[in-house]
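Let's take a friendly walk through this structure. Keep the sequence and the 3D view side by side as you read.

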Amino acid sequence: MGKPVVIFREVNCCVSCFAKPVLLLLLAFLYLPVARANPSSMNVMLFQSRPRIDSVFVRAPFMIVNPIRSVFKEGLYECTDAGNSVRLRKAGGRNQKEIIRAPYLVLSGRGGNTIEIGPDSAHMRKYYGQMNMRRANAKGKNSAGLEVLNQVDTFNYVASVVGGETTPVFGKEALKAQAVLVYTRLSPKGRHPTVTDTTDEMVYLGEQHERPEVIDAVHEIDRRRLMFQDRPAQAFFHACCAGRTSKGSDIFGENARSMTYLQSVSCNHCKGSPLYGTTVKEIPTSVFAREIADREPRVLKLDRANRPVSAEIQKGARKEVLSGYQLWLRIGQKLGWDKAPGTRYQVKQTAGGYTIRSSGGGHGVGLCQWGAQGLSKQKKTYVEILQYYFPGTTVEQRQ
Ligand SMILES: [Zn+2]
């Protein structure tokens, strides 16, 4: 029972990045024999969407807190991988004098403030907590270069993720529902987990998403989680279901069958989403043949929400049966995620190529984020919103 078992890959469908290739490894429900507490702090590996980071820029004011203590009041600095050590110098060319070279550097903002850092001077972001910089572990995703680990309080991490998953038009109860789901996802990860800042886990872009109303919502939630039979639920969410969500097992397969709270529910509350309508994209025959199949995929089964459950494709002599979700991932990865933003999609062969129609955004399982916003406008509470999309669950009560 002890080890995590990966049962499926999820596309993390948020509002701001509704259908990026995502491959969030989820822990099987088997991994949750007991309801664990949430982490108290997070270690987030920053800039993981880049293949390799050789240097990062840091804008003063900031402090080095380890292995020496030193305060930097103004200017832009560059921290570089220097073989087995990390080097800090003023930004602005190779001739700048080295300030410190050490096996690792720990930086922070001054007086509990944020620290501004970025992989280049055009992409600077502010983060709470400390930055631990060292040479990347060869096992890491960034196989060499610098590793930038942001040690941050869980509250700030959750507020940033919730802010990034929503937009400023979202109401308080929709924000609170999202916050519960983020805390629920963190719950199996232990006390001080290390995660990435990409859609592999949850997108974390630092302080910029911590809007005041998001901070209030996360405070009010006070680490509550979504529970099913005394265990944390699998907290799926997607941007917009465009009419009806899908049963977990129809999208993710047999492993999700026991998650009976991942039901298909009707939802006409997400009409405010820019993804509600149908997206139509044309793909040239040659491109489709090279990347996906020689002919129109044959859908073998549709679910109640009209999302493909399984489909057969043929490429050369090879026939392959995929789940509708697997084919959707392949279309996204090979042709681009804008081609079918939602898993309710259809591919038709035409005279000039292939037409892909899709509605909604994301996988369609669990909470519909724009639907939550619609329900929030109807004065539903976050508990009512969550129980609407996850029937049979409860929201943890704190003492
Ligand atoms: Zn919806």
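Helices (DSSP runs of H or I, at least four residues) and strands (runs of E, at least two) are numbered from the N terminus. This is a predicted model, in which local features need pLDDT of at least 70 and side-chain atom pairs count only at pLDDT 80 or more, while totals for chains, interfaces and linings use all residues. Residues are numbered from 1 along each chain as its sequence is written, and side-chain values use heavy atoms, with hydrogens and water left out.

Let's begin with a sheet. Strands of a sheet pair through backbone hydrogen bonds, either parallel or antiparallel. Here, 7 strands form an open sheet with mixed pairing, in the order β6-β5-β10-β13-β14-β3-β15; two strands count as paired if DSSP finds at least two bridges between them. Because β6 (70–72) and β15 each have a single partner strand, they stand at the edges, and one side of each is left without a neighbour in the sheet. Within the sheet, β13 (residues 130–135) and β14 (residues 146–153) pair in the antiparallel sense over 6 bridges, and R135 has L146 in β14 as its bridge partner.

Helix α1 (residues 154–165) lies across β3 (41–45), β14 and β15, running at about 100° to β14. Such angles run from 0 to 180 degrees between N-to-C directions, with axes fitted as lines to C-alpha atoms, for helices over the stretch in contact. Contact means heavy atoms within 4.5 Å. Leaving aside neighbours within four places in sequence, Y157 is in contact with M42, V44, V152, L186, V195, M202 and Y204.

How many aromatic pairs does a search of the whole structure find? There are 13, where rings of Phe, Tyr and Trp (its six-membered ring) pair if their centres lie within 6.5 Å, and planes under 30 degrees apart count as stacked, over 60 as edge-to-face and the rest as tilted. Y127 and Y204 form a tilted pair, 5.6 Å centre to centre with 55° between the planes. This pair links distant parts of the chain, with Y127 in strand β12 (residues 125–127) and Y204 in the loop between β15 (194–196) and α3 (212–221), 77 residues apart. Y127 is buried at 0% relative accessible area; buried means under 20%, exposed over 50% and partly exposed in between, using a 1.4 Å probe and protein chains only.
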